[in-house]
Amino acid sequence: MTTILITGANRGLGLGMARHAAARGYEVIGTARNPDDANELREVATRIEQLETDSPESIAGLAERLKGHPIDILVNNAGIFPHECDDINDLDLSSLERAIRVNTFGPLLTTRAFIDHLAKSERKLNVSITSNLGSIHDASKGEMGYLGYRVSKAALNMGNSVVAHQLKQKGITSVVIHPGWVQTDMGGSAAPLKPDESTGSIVETIENLSHEDNGRFLDYRGEELRW
Ligand SMILES: NC(=O)c1ccc[n+]([C@@H]2O[C@H](COP(=O)([O-])OP(=O)(O)OC[C@H]3O[C@@H](n4cnc5c(N)ncnc54)[C@H](OP(=O)(O)O)[C@@H]3O)[C@@H](O)[C@H]2O)c1
């Protein structure tokens, strides 16, 4: 059976991916900061684990609790969009640091903690949910802003490129996936995509990944995006 571990799975895109993965018969391990409140996740997850992705101790604790358990697919999904670091003229440094801690260091440290679990599995897929707002190419056109969020996701993209290279000898495939602009607490009600549409496509895209995809920047439909 395919085992998927999804961080931040109690709401939004994480919950949607957990639902689609469960419908495909996967063993779903979902993390939440407050497992007791994760009622919707409980309906689909095989197991719920407590995790704060901005805490190296919490990440290490989860890896230890799951020691020896092969993880076919790790989805680093948990993320934040702090608006207090949107503008260079009005920059809150602690908010910028928090964006980088959660959106960049969190996925990288979680991947590091789960290298053995991934290497032991059949699929060996390491997926991080990024954003097209982390694309430097796209930032050169259209509306600008969201400084901290863009920086944190661009750094995650670079981190994944390096990790993809460093873990390929272990047969691990590492990709970053942009989910589209989606109606979640983060995406807001003006977003064009419903969570079910985005997350169904993401899970299908993940299922179709092979080692040839290592290091790629894809959207939820599996289409290549520009860095
Ligand atoms: N929605 C969009 O349009 C969109 C577009 C591009 C990229 N993304 C990316 O997609 C991912 C999911 O976004 P979403 O729209 O589902 O956001 P969301 O509805 O705000 O959900 C965020 C999830 O991340 C968890 N989380 C936040 N900080 C955490 C921490 N320090 N430790 C552990 N968990 C933490 C939250 O847990 P709590 O419930 O405990 O807060 C929640 O489960 C994020 O990486 C985001 O950047 C979203």
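Tyrosine 146 is placed in the loop between α6 and α7, where helices (H or I, at least four residues) and strands (E, at least two) are DSSP runs numbered from the N terminus. The model is predicted, so local features need pLDDT of at least 70 and side-chain atom pairs count only at pLDDT 80 or more, whereas totals for chains, interfaces and linings use all residues. Residues are numbered from 1 along each chain as its sequence is written, and side-chain values use heavy atoms, with hydrogens and water left out.

Although tyrosine 146 is not a glycine, its phi is positive, at about 55°. With a relative accessible area of 27%, tyrosine 146 is partly exposed, a class that lies between buried (under 20% relative accessible area) and exposed (over 50%), using a 1.4 Å probe and protein chains only.

## Aromatic pairs around phenylalanine 81

Rings of Phe, Tyr and Trp (its six-membered ring) are taken as a pair if their centres lie within 6.5 Å, and the pair is stacked when the planes are under 30 degrees apart, edge-to-face when over 60 and tilted otherwise; the count by this rule is three aromatic pairs. One of them joins phenylalanine 81 to tyrosine 146 edge-to-face, at 5.2 Å centre to centre and with 90° between the planes. Because phenylalanine 81 lies in the loop between β4 (73-76) and α4 (93-113), while tyrosine 146 lies in the loop between α6 (136-139) and α7 (147-167), this pair ties together parts that are 65 residues apart in sequence.

Phenylalanine 81 also forms a stacked pair with tyrosine 149, where the centres are 3.9 Å apart and the planes make an angle of 5°. Here tyrosine 149 belongs to helix α7 and phenylalanine 81 to the loop between β4 and α4, so the parts tied together are 68 residues apart in sequence. Tyrosine 149 is buried, at a relative accessible area of 6%, and ring pairs link Phe81, Tyr146 and Tyr149 into a cluster.

Seven strands, paired in the parallel sense, make up an open sheet whose order is β3-β2-β1-β4-β5-β6-β7; two strands are said to pair if DSSP finds at least two bridges between them. At the edges are β3 (47-50) and β7 (217-219), each of which pairs on one side only. Neighbouring strands are turned against each other by 25° on average, direction ignored, with axes fitted to C-alpha atoms (for helices over the stretch in contact) and angles running from 0 to 180 degrees between N-to-C directions.

Within this sheet, β4 and strand β5 (residues 125-129) pair in the parallel sense over four bridges, and serine 128 in β5 is the bridge partner of asparagine 76. Helix α1 (residues 12-23) packs on the sheet and touches β1 (3-6), β2 (27-32), β4 and β5, its direction making about 170° with that of β1; contact means heavy atoms within 4.5 Å.

Threonine 31 lies in strand β2 and counts as buried at 1% relative accessibility. A polar atom of the threonine 31 side chain lies 3.1 Å from the backbone nitrogen of glycine 8. Leaving aside residues up to four places away in sequence, the residues that threonine 31 touches include Leu5, Ile6, Asn10, Leu41, Glu49 and Leu62.

Lysine 124, which is not a glycine either, has a positive phi of about 60°. Its place is in the loop between α5 (115-119) and β5, and at 18% relative accessibility lysine 124 counts as buried.

Key:
Polar contact = N/O pair within 3.5 Å; in protein donor to acceptor, adjacent residues only side chain to side chain.
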